[in-house]
Amino acid sequence: MRIQHNPKHVGEVTQAIILAELLKRGIAVSIPFGDNQRYDLIIELATGFQRVQCKTGRLKKGAIEFAVASSRYHRGGRRVSYVNQIELFAVYCPANGKCYLVPAASLALKNQCSLRIEPAGNGQSKGIRWAIDFELV
C-alpha cells in the first residue's frame, strides 16, 4: 500500500491523532457535520465548549512551526485568519509525536506561529513561546 502525502491526507491524519489524544485524556470531543466550518473539532472543557482548528506542525531549527491562517489560494488567492472563529489551535508534530493546545487569543494571528523546543541559536529568550507550556499531557 502506498502512503499518500497530499495536504488533505496529511490534515486528516493530524486530525485523527489529535482526536485520539484528546479522547485518551478524557476530553469530550464533537466533530461538526460537513467541512464548511472554520473549526475541525469542538471540545468540552470545564470552562465550556471550545472550537478547535487542527494543524500539522513542522520541526525546523528547534521550533515547531504551524500555519495560523488558512490558505484560500485555490479559491481566489489569499490567506484567511481564524480571528473570532476558533478558541484553540491543536497542533500535532509528526517529528516528535506530540500534540499541543494553543489558545488562539495568545497569538498574533498572522500567517504562522512557532513553539520552541530548543533555545534559539542567537540566545534570544524574550517573547519565546515554549512548546512544553502548551503540550497536551
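The model is predicted.

Start with helix α1, which covers residues 7–24. T14 sits in this helix. Its relative accessibility is 3%, so T14 counts as buried. What does T14 touch, apart from its neighbours within four places in sequence? T14 is in contact with C54, K55, T56 and Y92.

E12 pairs with K8, and their closest N and O atoms are 3.7 Å apart. The two residues are four apart in the helix, about one turn. K8 is exposed, because its relative accessible area is 57%. E12 reaches 43% and therefore counts as partly exposed.

Now look at E21 and R25. Their side chains form a salt bridge at 2.6 Å, N to O. E21 is buried at 17% relative accessible area, whereas R25 is partly exposed at 32%. Together with K24, E21 and R25 make a network of salt bridges.

Another salt bridge joins E87 and R51, at 2.5 Å from N to O. This pair links distant parts of the chain, 36 residues apart. E87 lies in the loop between β7 and β8, and R51 lies in strand β3. E87 is partly exposed at 24%, and R51 is partly exposed at 26%. The structure holds six salt bridges.

Turn to the open sheet. Three strands line up in the order β4-β5-β10, with antiparallel pairing. β4 and β10 are at the edges with a single partner strand each, so one side of each has no neighbour in the sheet. Neighbouring strands are turned by 35° against each other on average, direction ignored. Three bridges join β4 to β5. L59 has I64 in β5 as its bridge partner.

Note on methods:
Residues numbered from 1 in each chain as written. Predicted model: local features only at pLDDT ≥ 70, side-chain atom pairs only at ≥ 80, totals over all residues. Heavy atoms only, no water. Buried < 20%, exposed > 50% of the residue type's maximum accessible area, 1.4 Å probe, protein only. Contact = heavy atoms within 4.5 Å. Pairing = 2+ DSSP bridges. Axes fitted to C-alpha atoms, helices over the stretch in contact; angles between N-to-C directions. Salt bridge = Lys/Arg side-chain N within 4 Å of Asp/Glu carboxyl O.
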